[in-house]
Amino acid sequence: MTSTLRPQIEILVKLQNIESEINSIRAKLSELPGKVNQLDNNLKESERQVVDETTRIDDLKKGYRALEMETETTLAKIAKSEEKLTSVKTNKEYRSSLKEIDDLKEKNSKIEDDMLACLDMIEEAEGHVGVIKRQHAGLAAHIAGEKSDLDRLKKENESRLSALEAEWREISPTLDSELMERFTIVKGQQNGGLAVVPVSDEVCLGCHMNVPPQLYNDLQRYDKLHICPNCHRIIFWQPKNN
């Protein structure tokens, strides 16, 4: 492995870059269902607001119809009481009938006030539901666009992921088995972090600590595999400005 270490390190770095991009893409893909669900939930909430406001208008109209029926009943009672008034025989009965008519008229007046208030509420609610429906239509169009973008992003990422996995399968057999084993061990120790990092100007770019001068010199010869004494990553020499 000594005579071919440098190209092997280059292969190893390339594999690591492929793995890093694969992990990044998989992370993005794992987030997409949650984003789609959030968009769906936002749309459902908007739909619920439209339904709630429409139901409120229906309830107001039912209430108005109930008031209409009540005022019709009251007017019928007034007419009956007025007809009865013509046949009373005593002042007491006459006064009682007049009071009954006045009470019914007062009640009917209150019902008519409630009907007018109900009409105002219906008009206001219908205006409000119109605004909500327009907002919902705009949100639905926006969400459809967002979901289309997410679907396109999903397909692009899946395509790129497939290409990277194919590239990994093509390149990985060209890496020395001992180096691959060491790479796998170090990668596991780094909890998914970089396992292979360059050293430049005597500084490990993984932990940003200085390496011993002799180790720095040894790295430049590429005669054996070296591990950073501080972060325990696989290290290789990288010239300045590279």
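Axes here are lines fitted to C-alpha atoms, for helices over the stretch in contact, and angles run from 0 to 180 degrees between N-to-C directions. Helices (H or I, at least four residues) and strands (E, at least two) are DSSP runs, numbered from the N terminus.

I note that this is a predicted model, in which local features need pLDDT of at least 70 and side-chain atom pairs count only at pLDDT 80 or more, while totals for chains, interfaces and linings use all residues. Residues are numbered from 1 along each chain as its sequence is written, and side-chain values use heavy atoms, with hydrogens and water left out.

**Entry: H1 and H3**

I looked up helix H1 (residues 5-85) against helix H3 (residues 177-189) and found an angle of about 40 degrees, with the axes 11 Å apart. H1 is therefore oblique to H3; angles under 35 degrees count as roughly parallel, over 145 as roughly antiparallel, 65 to 115 as roughly perpendicular and the rest as oblique. The crossing of H1 and H3 is right-handed (near helix turned clockwise from the far one by less than a right angle; anticlockwise is left-handed).

Next I listed the contacts (heavy atoms within 4.5 Å). From H1 come Gln8, Leu12, Leu15, Gln16 and Glu19, and from H3 come Leu179, Met180, Phe183 and Lys187. By class I get 5 nonpolar, 2 polar and 2 charged residues in this contact. Ala, Val, Leu, Ile, Met, Phe, Trp, Tyr, Cys and Pro count as nonpolar, Asp, Glu, Lys and Arg as charged, and the others, Gly among them, as polar.

**Entry: H1 and H2**

For H1 and helix H2 (residues 91-171), I find axes that come within 5 Å and cross at roughly 165 degrees. The two helices are therefore roughly antiparallel to each other. H1 and H2 make a left-handed crossing. Their contact has 40 nonpolar, 12 polar and 29 charged residues.

**Entry: Val13**

I then picked Val13, which sits in helix H1. Between Val13 and Ala195 there are 9.1 Å in space, C-alpha to C-alpha, and 182 residues in sequence. Setting aside neighbours within four places in sequence, I find Val13 in contact with Val196 and Phe236.
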